[in-house]
Amino acid sequence: MVQNKSWTTRMTKGSLYVLMALITFLSLAPILYTVAVSFSDKAAAAAGKVTLWPVGFNTAAYSTILNDNNFLGSFFVSVKRVFVGGIINFLITVLMAYPLSRQASEFRFRDSYMWFIIVTMLFSGGIIPLYILMKYLGMFDTIWALVLPTAVPVFNVILLMNFFRSIPKELSEAGHIDGAGPWYMLMKVFIPLSAPALATVTLFSIVNHWNSFFDGLIFMRSMENYPLQTYIQQFVVQTNLQNISSVERIEMFKKLSNQTLNASKIVIGMLPILVIYPFLQRYFIHGIMLGSVKE
Amino acid sequence: MKHSIFQKHYHMMLLPGMILLIVFSVIPMVGIVLAFQDFKMGLGITKSPWIGLENFKYMFEMKDSRSIFFNTINIAFWKIIANSVVPLIFAILLNEVRKVAFKRWVQTIVYLPHFLSWVILSGIIIDLLSLDGVVNNALQAFGMEPIMFLGSNSLFPVIVVSSDVWKEFGFNAIIYLAALTGINMTLYEAAEIDGASWLQKLKYVTLPGIAPTIVLLGTLSIGNILNAGFDQIFNLYNPLVYESGDIIDTYVYRVGIVQAQFGLATAVGLMKSVIGLILIVISYRLASRFANYRIF
């Protein structure tokens, strides 16, 4: 009887591990498949022979896109927006989180500012007024259209603010007694103590900037200003969707489509995320948990 | 007050962010007056004719408006349900895994799709689901007819909801996993001594232990009932599935930005923002009353 029970327990335990492994595999399989297609022979991919391992391994697709100036141009637009936008996000986040992390007794207008920020987070005029504003400001086709509307990452500000609040008050008090002003406290005490939270918000803003496509689509009039995600949206996703919608096109499309080339563009489109992912996932859970500590 | 000399420094720190919020959030909020105009780019806000509620009247009389509203709520509703239930089950099962290294591997991999954009994931999904894609090849191997997945109105909402669950279930499970680790281990030990089975422990210890988290997340999700997920649908839909997949946000984009009917699109967007705001306020109220939740 006892033996029987332990046997069934072991069976259930075993199936739990199998199930978890299966779920994990399903999360990764579509991504592995795309990487495999991108390194496969064109004909093998078109014949549907590729699953999770390249068939007829070659890097032809990658040499093609490395010579594609539109693709490379878009790649650099994305790199530029990540740098410029990331730096702006970082400065704004730090500068806003610190005063907002002070008690209302210390900073009188703290709650008014906070309400203002919450209102901008909860209500928006929608995409059309912003579109018209950007046109009047003459920001179409400039990098500013990609970095300024998202310059204040409210979620990051709140996350860092909560982290700053978890730093013991005694530290601030001691600093102020020694004559340290707000700028000194922020630069020399709060920032050095907040590495995990700062890493988290920085990674979030890098990911957001890299992944955005819609602002590029509506604010950029000429193709050479498209960030990479917009380029992929227009020339891979949109093209493929148009071909779904008409049955007669499908046959023609089959002959013309270049699955391996599209797959390689998609792989490059997710590469930076995959590269920073190990850091991302190490920090973000830690950072979120720390940031969610409330008094 | 000893800190009064610091006040102006605090204001200065907030100044750049405030200016940016005023320009890119508050001015567009004022821009909702467009909803009451027949706005023309050349005439601008001051010279475009005021037409009262014409845009709203048109919106309610339009034949598509009911289906757009229904599609939005339909997709958002099933996403809310599936995105709560699947991560919850996954978290409970993962919590049973005792091998730490295995658990960490699983977590690392299932969180990954959350960080990839819908542009990338749609590109992959369209390829997998195309007529000569992997999924249809497999169906044909079993002797079935190929299915035009992304061209079918009955399948499109299902694909949208399930691919969203695929992308987000791991990430959404984080909060449940955190709540599960918060359950007092002695409760499990006591239950074991009393001879409780796995199901009994689930029913009497685990679920009551994370009930507050479930209630809180459920309440907060009320505010999302009009957010069907623009990025995803925009990258998966096509004219064949407008009937089942066109949502408020995609409609606003096509009418406003593609067709330049700015007044009408702003009216539709405004409608959504107002209903969304009311729902968020209600859900925060409920959350603060029943779960002691505070946003800041």
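The legends below describe close-up views of a predicted model.

**View 1. The second largest pocket, lined by residues of chains A and B.** The volume of this pocket is about 900 Å³. Its lining counts 25 residues, and those nearest the centre are Lys13(A), Glu96(B), Arg98(B), Trp198(B) and Lys201(B). Two or more lining residues come from each of helix H1 (2-38) of chain A and, in chain B, helix H4 (65-96), helix H8 (156-181), helix H9 (185-193) and helix H10 (198-220). H1(A) gives the most, with six residues. By class, the lining of the second largest pocket holds ten nonpolar, eight polar and seven charged residues.

**View 2. The aromatic pair of Phe90(B) and Phe169(B).** Over all chains, the whole structure has 34 aromatic pairs.

**View 3. An aromatic cluster with residues from chains A and B.** Chain A supplies Tyr98(A), Phe107(A), Tyr113(A), Phe164(A) and Phe190(A) to this one cluster. Phe6(B) and Tyr10(B) are the members from chain B.

**View 4. Lys99(B) over Tyr17(A).** Lys99(B) is placed over the face of the Tyr17(A) ring, 5.0 Å from the ring centre.

**View 5. Arg254(B) over Tyr242(B).** Here the charged end of Arg254(B) sits 4.2 Å from the centre of the Tyr242(B) ring, over that ring.

Note on methods
Residues numbered from 1 in each chain as written. Chains lettered and ligands numbered in written order. Predicted model: local features only at pLDDT ≥ 70, side-chain atom pairs only at ≥ 80, totals over all residues. Heavy atoms only, no water. 1 Å grid on protein atoms, 1.4 Å probe; cavity = no way out; pocket = protein on both sides within 12 Å on 5 of 7 lines; lining within 4 Å. Points joined across faces, edges and corners; volume = space filled by probe spheres on them. Helix = DSSP H or I, 4+ residues; strand = E, 2+ residues; numbered from the N terminus. Nonpolar A, V, L, I, M, F, W, Y, C, P; charged D, E, K, R; others polar. Phe/Tyr/Trp six-rings, centres within 6.5 Å; stacked < 30°, edge-to-face > 60°. Lys NZ or Arg CZ within 6 Å of the ring centre and 35° of its normal.
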